[in-house]
Amino acid sequence: MPRKKYGLEFELHPQPKKGDDGKALLYAHVASKFKYTMRRVDEWCHEHRGQHPGEMTRYFESFLDVAAVLMCDGSRVETPIGSFAPKLKITGNFTDPDQVGHDDVRLSGIEFIPSKRFVKELENHIYFGFLKKKEVVERHLVTDPAELDAILDRCLRPGYTTAKIFSYYSGQGYRTALRYLDNRCKEENPKIRRRKEGNTVLYKPVVHKSPKE
């Protein structure tokens with residue numbers, strides 16, 4: 001039976017833990033492909049679903065406003081794709097509840113829990129199953145600046161990366177990868193910017209505007 005030529009592509013990466021045979025245990029990671037901007041989603045819906053141009057954008061803009069209003073008192077908003085709720089954090093190190101005031105609490109992000117229906121819908125559209133893209137992605141230390149820049153480009157394909165993701169592709173230790181990414185944010189014309197969402201630090205590409213003539 002011929003091998004599948006289509007499917008959701010994945011890569012295999014080694015874990016720090018080892019199996020009974022002494023080799024590193026493996027985990028699967030989606031092989032990043034294309035990032036759909038809201039404009040591309042609108043174009044796709046117009047072409048394949050017969051929707052009016054900009055219709056999806058208007059839906060999301062409307063939902064963003066309404067959901068923010070409904071969640072501002074701590075409520076959870078449930079939708080067909082999942083539920084949304086505000087996440088909080090305390091800005092200091094406290095052990096006594098009486099010492100925590102309203103100025104010590106901040107919004108840390110928005111919690112999203114995908115619905116079973118959304119997950120099932122995705123499963124239903126993976127018609128051809130899963131396809132192994134390549135052999136195990138072995139970690140080897142990359143030091144060449146040009147190669148590191150190319151790896152960063154690859155990691156940013158989904159629209160963001162993390163120090164953990166970059167460390168796997170570059171072969172660097174976590175702290176070294178974190179330091180590299182932070183330094184790239186401090187360049188005169190930075191390629192990425194650092195943003196913390198909840199407990200996760202994300203690095204997102206910076207879009208530089210062309211100077212006005």
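In the predicted model, helix H4 (residues 145–155) packs against helix H6 (residues 174–185) at an angle of about 85°. The two axes lie 13 Å apart. H4 is therefore roughly perpendicular to H6. On the H4 side, the contact is made by Leu148, Asp149 and Leu152. On the H6 side, the partners are Tyr180, Leu181 and Arg184. By class, the residues of this contact are four nonpolar and two charged, with no polar residue.

Helix H2 covers residues 55–71. H1 contributes Met38, Asp42 and Cys45 to the contact. H2 contributes Glu55, Met56, Thr57 and Phe60. Four of the residues in this contact are nonpolar, one is polar and two are charged.

Both helix pairs belong to a chain with six helices and eight strands. From the N terminus on, the elements follow the order β-β-α-α-β-β-β-α-β-α-α-α-β-β. The chain has 213 residues, and 25% of them count as buried. Its accessible surface is about 16300 Å². Carbon and sulfur atoms account for 55% of that surface. Contacts were also considered by separation along the chain. Among those between residues at least 6 apart in sequence, 44% join residues at least 24 apart.

Helix H5 (residues 163–170) is mostly covered. Six of its eight residues are buried. These are Ala163, Phe166, Ser167, Tyr168, Tyr169 and Ser170. Just after H5 comes Gly171, with a positive phi of about 80°.

Leu70 lies in H2. Its relative accessible area is 45%, so Leu70 is partly exposed. Neighbours within four places in sequence aside, Leu70 is in contact with Ser75 and Val77. Ala85 is 15 residues from Leu70 in sequence, and the C-alpha atoms of the two are 9.5 Å apart.

The cysteines were examined for disulfides. A disulfide is a covalent bond between the sulfur atoms of two cysteines. With a cut-off of 2.5 Å between cysteine sulfur atoms, the count is zero. Cys72 has a relative accessibility of 66% and so counts as exposed. Cys185 has a relative accessible area of 21% and is partly exposed. The threshold for buried is under 20%, so Cys185, at 21%, does not count as buried.

Arg194 lies in strand E7 (residues 192–197). Its relative accessible area is 47%, which makes Arg194 partly exposed. Beyond its neighbours within four places in sequence, Arg194 is in contact with Asp182, Cys185, Val201, Leu202 and Tyr203. Arg194 and Lys204 are 10 residues apart in sequence. Their C-alpha atoms are 6.7 Å apart in space.

Pro205 lies in strand E8 (residues 200–205). At 31% relative accessibility, Pro205 is partly exposed. With neighbours within four places in sequence left aside, Pro205 is in contact with Leu156, Gly159, Lys191, Ile192 and Arg193. Pro205 and Asp153 are 52 residues apart along the chain, yet 9.0 Å separates their C-alpha atoms.

Asn189 is located in the loop between H6 and E7. Its relative accessibility is 58%, so Asn189 counts as exposed. Asn189 and Val206 are 17 residues apart in sequence. In space, the C-alpha atoms of Asn189 and Val206 are 9.0 Å apart.

Definitions and conventions. Residues numbered from 1 in each chain as written. Predicted model: local features only at pLDDT ≥ 70, side-chain atom pairs only at ≥ 80, totals over all residues. Heavy atoms only, no water. Axes fitted to C-alpha atoms, helices over the stretch in contact; angles between N-to-C directions. Helix = DSSP H or I, 4+ residues; strand = E, 2+ residues; numbered from the N terminus. Parallel < 35°, antiparallel > 145°, perpendicular 65-115°, else oblique. Contact = heavy atoms within 4.5 Å. Nonpolar A, V, L, I, M, F, W, Y, C, P; charged D, E, K, R; others polar. Buried < 20%, exposed > 50% of the residue type's maximum accessible area, 1.4 Å probe, protein only. Areas by Shrake-Rupley, 256 points an atom, 1.4 Å probe, with all protein chains shown as cover.
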